[in-house]
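Work through the exercises below with the sequence and the structure at hand, trying each task before reading its solution.

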Amino acid sequence: MISIKKLLLSVCFLMFSFGLLKAQSGYFEDALRFSQFNSTGSARIMGLGGTQMSLGGDISNIHTNPAGLGFFRRSEFSFTPSFGTWTTETNYLGQLQENRTTNIAIPNLSLVISNPKGPLETGAFRGGTFGISFNRTNNFNSNFGYFSDIEGQTSIIDAFIQQANGIPESQIENFGLTGLAYSTFLINPITEDQNGNPINNPSQYDSFVLGFPFQDESVVTEGRSTQTTISYGANFYNKLFVGGGLGLTSINYTSRKSYGEEFFNEPLMVSSIDEFLNITGFGANINLGVIYKPIDEVNLGFNFQSPTWYRFNEEFEASIVNQFDNFYFEPEDITLGTEQASTPIVLGTYNLNTPMRFSGGATFFAGKNGFISADIDFVDYSRGRINSRDFNPNDDNQEIRRLYGQTFNYRVGGEYRIDKFRVRAGYGLYGDPFRSSTFSRSTQQLTGGFGVRFEKVYVDLAVMGTRFDQLYNPYSVIENGQEIGPIIEIRNQITNGMLTVGFNF
């Protein structure tokens, strides 16, 4: 027997063609995911903890502080392969689960063409350098999961009820996963008032599933953000170096989630929810910088990174499969067994403006024996903005302003020179982007490296260890203004090795 709900679901699929479905929720999470800054570059720079705002003469200057290109006296080509592992450890109700992902990539390809003036040529302008680079700015290849052999305090059914309340039954199937929950009998409309009178087009919901479930989930993310940068840096008097660049950024992000609940002594035995999300986008930004040498032993650098103006296309689909214990549902005169429903493939488009970034740095040279360098960044993540013609972004923009705040990042690194050999070490601390929280989401990075310089070739090696913690909320249930839905703590440990090989010509 085909239920009334399934007939309504078919109508919902037709209505989709008129743009009534929203691809996903939580766009404010995308705003942070695609805005967070981590210093990237060659193995030399990463061996210094990512410190580079006042250092010149490195191919990483192309996409960070283009003023550093003015230091080049020769042209150069380099490539950087990398190998790494991303380990996650989740903690839910005191139960731990570990997952590991391996990443192999070529995160940097760079070319600089230098045109310096000769020592006998006069004038303030001492030459300039053009650079182009392909650089991976973020890596999304990771996976985590959690499980519980202890009953949870809530069920995702509670979240569906809260989301559904206030939506007329005639429209409920237009609301993504909540609509699927209705179509598969996880939630049902309250069709009679307290006096037993029928309610026309009801907008309040409940569920005949009352117990608490055992819960588990697997989340796999893939993708990367990359930037192709074209920059130019100029040298004046060998003391003032200025530069600018244009960055063209592309993003490919995919998320696959499989969530499950298992009940005992309830009409519902097992509920499974699968979600697929793919986001692709393209953006552009402008980068301006200056480095000044007040004395030969000191470099002072400043960099301005404009917002990146992104345009994203997204594809979303979801499905729910519920296994009922042959439960007789009297309002529709149907016996429930396996009930399943899927959304159509939902397409959407939106724009994201990331916050601008201001960076400064200083480097102190100890003759030809080496140097110490330090950077600081300022980013206000509450300045991110989402715009779309496909949905109303006001709620997400309010969440951006409410959740995210101003933060400072700090990096320090040093290099010691022994003839043609270089030894490096560095440390980075990236501030918590959330405005106020008792849980720290800051990122710490400890790095080391080694290099050797020859006349026409150089080789640099770096090893980086990165640690940060996250909180994951698979669904939200609010009671008396407090979040009572499940909170999973995720500890992340990323270990990467990089090798840069460069050629001078």
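This is a predicted model: local features need pLDDT of at least 70, side-chain atom pairs count only at pLDDT 80 or more; totals for chains, interfaces and linings use all residues.

Residues are numbered from 1 along each chain as its sequence is written, and side-chain values use heavy atoms, with hydrogens and water left out.

**Exercise 1.** Describe the secondary structure and the burial of the chain.

Solution. Begin with the elements: the chain has 6 helices and 23 strands, where helices (H or I, at least four residues) and strands (E, at least two) are DSSP runs numbered from the N terminus. Next, turn to burial: of the 505 residues in the chain, 52% are buried, meaning under 20% relative accessible area with a 1.4 Å probe and protein chains only. Finally, the C-alpha atoms fill a box of roughly 100 × 45 × 35 Å along the principal axes.

**Exercise 2.** Find how many cavities of 30 Å³ or more there are, and describe the lining of the largest cavity.

Solution. Grid points are joined across faces, edges and corners, and a volume is the space filled by probe spheres set on the points. Counting in this way gives 3 cavities of 30 Å³ or more, and the largest cavity holds about 440 Å³ of space. Then list the lining: 28 residues line the largest cavity, and Gln36, Phe37, Thr137, Thr308 and Arg357 lie nearest its centre. The elements giving two or more residues to this lining are β3 (125-139), β7 (214-236) and β8 (240-262).

Definitions and conventions. On a 1 Å grid over the protein atoms alone, a cavity is a set of points where a 1.4 Å probe fits but cannot get out, and a pocket is an open set with protein on both sides within 12 Å along at least five of seven lines; lining residues have an atom within 4 Å of a point. Buried means under 20% relative accessible area, exposed over 50%, partly exposed in between (1.4 Å probe, protein chains only).
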